[in-house]
Amino acid sequence: MNLEEYKGVYVFAQQVDNKVDSIAYELLGKAKELAAPLNTQVTAVLIGSNVKNLCDSLAEYGADRIIVVDDPELKDYRTEPYAHALASVINEYKPEIMLVGATAIGRDLGPTVSARVATGLTADCTVLEIGDFPLVAIPGKESEQKHNQLLMTRPAFGGNTIATIACPNNRPQMATVRPGVMQKIDPIKGAKAEIIEFNPGFTPNNKYVTIKEVVKAVKDVADIMDAKVLVSGGRGVGSAENFKILEDLAEAVGGVVSCSRAVVDSGWKPKDLQVGQTGKTVRPNVYFAIGISGAIQHVAGMEESDVIIAINKDEDAPIFDVADYGVVGDLNKIVPQLTAAIKAEKAKKNN
Amino acid sequence: MDFSLSKEHEMARQLFKDFAEKEVKPLAQEIDEQHRFPRETVDKLAKYGFLGIPVPKEYGGQGCDIQTYVMCVEEMAKVCGTTSVIISAHTSLCVDPILTYGTEEQKKKYVPDLASGKKLGAFGLTEPGAGTDAQGQQTKAVLDGDEWVLNGSKCFITNGKEADVYIVIAVTGKVEKKGKMLKEISAFIVEKGTPGFTFGTKENKMGICGSSTYELIFTDCRIPKENLLGQQGKGFAIAMHTLDGGRIGIAAQALGLAEGALETTIEYVKERKQFGRSIAQFQNTQFVLADLATKVEAAKLLVYKAAAKKDEYRTNPKISYSVEAAQAKLMAAEVAMEVTTKCVQLHGGYGYIKEYGVERMMRDAKITEIYEGTSEVQRMVISGALLK
């Protein structure tokens, strides 16, 4: 493998049902940053059936070049034809860096492709940067330190340790990247990219998965233990009806409503939603504690949450001892405003 | 030193015993299984004056000494742990602090109804974050014009929801002590039915199942300014001193539970036959009973000594009885736990069956090691005094 032949930062532009997934734009944003010190271009790899219409938006979000693999076999995601398509692109165009979103699709595709092209892959990265490997040159072996390597950082052991990984001797350097971590650029209206159509050829074969049915389920009763965002209410919410404002917030942030024991005892919510020592233990990315005083019996069930946001009228409430962010005030005023602000921010992002 | 009870005491004990056998024992298993507060028993206790035993006659009480009160709790506990704690929480934790710290107006307003049993009393100190560390109070009381506004909650309150008058401890501000900002804690009298004062969870307990244990919730609950009990900022001392007295009551309850279990077991081992003779004829039974009876007697002397000390205090407020109360409660509770456990064992398989009642005594005994200060708190009090 001649490493010198490999050039450019490539991004797998995931699309489903002819819609570009947000992760593709996030990766393009990051790819632009990585391309700068390497003095190279950003290439998006778009795989699907009748997807050429998506090129413009990819260009607006920072792709200098787009390689399109367009074939009826690629209508729905299936491991085999997609892996064949992406591996063929890599073998043909020899990228230095290949980024894939760590979505359900990307986590399936990335490792398959990396095995096919015989290179390293770091999964679920949260930080990517260009730097030296090893970071500090080993005395007496200074000449072996490689520059301009992709340093891929990811949480391991359930987030208890952070590992920075490099792939110095193989190309491309592949990473799947956690959605929501990287920043999109502000789209450049009317930007155009060079479009290359590439088709490695597909023969329908019996190794393909047959898709019988695609189910888009909306769960009506969410399990609070699986939720990434919990909007939790306590006695301070005041009534079953008033949980409406928490439900609105939960909808805005894509979360689920949970509650404290006091709420269950008052008959406002079912026991399934209770967080705490005698309820469920939860570890969401974000936990809103609204009108919850924060007795240890409750805190024991949620203190492992990544970020805790507390809203309570009593500034001495113990919940503030565990909260990362706290607001002292009337939840009836704050929660609707927060919901409105989040909705506005989301609307701005989606335009 | 005289270890015999006076004639009056003996007569009082007989009265309590008869009442317990006739009125309390028949209900004991039913209220335990149904987790039901025995309102009918409380009404009868009121009728007999058993809810105002150590209360001076001028406030509508019986004007008896602490020893008499202790024997009442003890006799009830022999047959029913629930009934004994209703009396103890009412008398020691609600009536006693009003008598000790209340103004003349407060005493006149509240004590007669409480002593006659027309009203029942309770004590709200514990919070989810403030159990043994009672300084960790979160409930707040803020003076607004001529009313105190209470916000917060209390948990595990005995006689909760059933009681009419509550002593409630709350934070009224911050005070500087030795350069540290500490909470200023005060005590209040709060009546059931005050707007903003509601009841939350009813606890589902292992024992004393008929006792009503509730959460108290205060949401902008306004009470008159004159419902402050004692001086502002003295609430912690009031609570602690109240508990000293309450511990004698719980020690009496533990003592009664142990005695009740022992009496039942002595009857049982005489009747039960295995290997062709009563199990009372086996030396293991004899030795176990000997040990248990000796421990019960030791606990009893400690409980009665603490009662005597509190009686002395009533004529001489310089006397402290907190160490005696702590020792009595520690010993009696641990004896109760051991005695009831071994009594279940001596009953064999039947001891594990609800019908025989001794399993209930074992479940009831465990709480005496926990409430009104855990056994560990009693050890803190005792060692603190030893190492002064």
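Analyst: Two strands are taken to pair if DSSP finds at least two bridges between them, strands being DSSP runs (E, at least two residues) and helices likewise (H or I, at least four), numbered from the N terminus. This is a predicted model, in which local features need pLDDT of at least 70 and side-chain atom pairs pLDDT 80 or more, while totals for chains, interfaces and linings use all residues. Residues are numbered from 1 along each chain, chains are lettered from A and ligands numbered from 1 in the order written, and side-chain values use heavy atoms, without hydrogens and water.

User: What's the strand order in the open sheet of chain A?

Analyst: The order is E14-E13-E15-E16-E17, 5 strands with parallel pairing.

User: And which strands are at the edges?

Analyst: Strand E14 (256-259) and strand E17 (325-328) of chain A are, because each has a single partner strand.

User: How many bridges join E13 to E15 there?

Analyst: In chain A, 5 bridges join E13 (residues 229-233) to E15 (residues 286-290), and A:Val229 stands opposite A:Val286.

User: Which strands does helix H5 of chain A touch?

Analyst: Helix H5 (residues 243-253) touches E13, E14 and E15 of chain A, where contact means heavy atoms within 4.5 Å.

User: Switching to aromatics, how many pairs are there?

Analyst: Over all chains there are 17 aromatic pairs, meaning Phe, Tyr or Trp (six-membered) rings with centres within 6.5 Å, stacked if the planes are under 30 degrees apart, edge-to-face if over 60 and tilted otherwise. One of them is the edge-to-face pair of B:Phe19 and B:Phe50, 5.2 Å centre to centre with 75° between the planes.

Conventions
Axes are lines fitted to C-alpha atoms, for helices over the stretch in contact, and angles run from 0 to 180 degrees between N-to-C directions.
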